[in-house]
Amino acid sequence: MKIWQRIALGTALTATVGGLTAAGAMANGKPSDSRPEGLAAAAASHWNESAKVAANKRVVKAFMQDVLNEHNGDHAGRYLTKDMQWHGGTVGTVPGGDNVAGLMTTVVTSIPDLHTEVKDIFGQGDKVVVRLVVSGTLKKGPLLGVAATGQSVKWDAIDVYKLRDGKISEEWAGEDWSAFLNTTGTYKAPWIQ
């Protein structure tokens, strides 16, 4: 059993046992002194938080699968808020859900066999963090000013997604652009052997 499964099970059992203790004590006509005040509320709050994080992770996974791995750039808008912001570090910021959807369409059009391999995914509150490896072949148009000549590309990324009401409202894309430029033959950093 994975650690998050053990935590979820423990939380559920704590809430259930805590609720039964309180119900049993109230049935006897006296309040329970057997557990700290607010434990059931804290467990319920944690359970709701875990459920929210799990739901947010499902949205991010679905977005990555549908839009990136299945190359459906035109589906990106389904997962994004209208005021979505994509932050690409030195690449810049793309404001607006429609513009970000256009960016995703450009990426999957330029790299029609693009594949994202999720290495880690976790979340807290309204944020989801994904560590992944992106690979494919740049062959259907330029990307970041790099001409498509059929060259293979591969880079690591750590992306942070912020969600609101079940949709992605912001993304901080921590892409290893040096690796992208190196694999395209555009730029080789002196430290790359």
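With which residue does K127 form a salt bridge? The partner is D126, and the closest N and O atoms of the two are 3.8 Å apart. A salt bridge is a side-chain nitrogen of Lys or Arg within 4 Å of a carboxyl oxygen of Asp or Glu. The model is predicted, so local features need pLDDT of at least 70 and side-chain atom pairs count only at pLDDT 80 or more, while totals for chains, interfaces and linings use all residues. Residues are numbered from 1 along each chain as its sequence is written, and side-chain values use heavy atoms, with hydrogens and water left out.

The structure holds 4 salt bridges. One of them joins the side chains of D83 and R164, at 2.7 Å from N to O. This pair links distant parts of the chain, since D83 lies in strand β1 (residues 80-87) and R164 in strand β5, 81 residues apart. Strands are DSSP runs (E, at least two residues) and helices likewise (H or I, at least four), numbered from the N terminus. D83 is partly exposed, with a relative accessible area of 44%; this term covers values between buried (under 20%) and exposed (over 50%), found with a 1.4 Å probe on protein chains only. R164 is also partly exposed, at 37%.

Another salt bridge connects E117 with K119, whose closest N and O atoms are 2.9 Å apart. E117 counts as partly exposed at 38% relative accessibility, and K119 is partly exposed with a relative accessible area of 38%.
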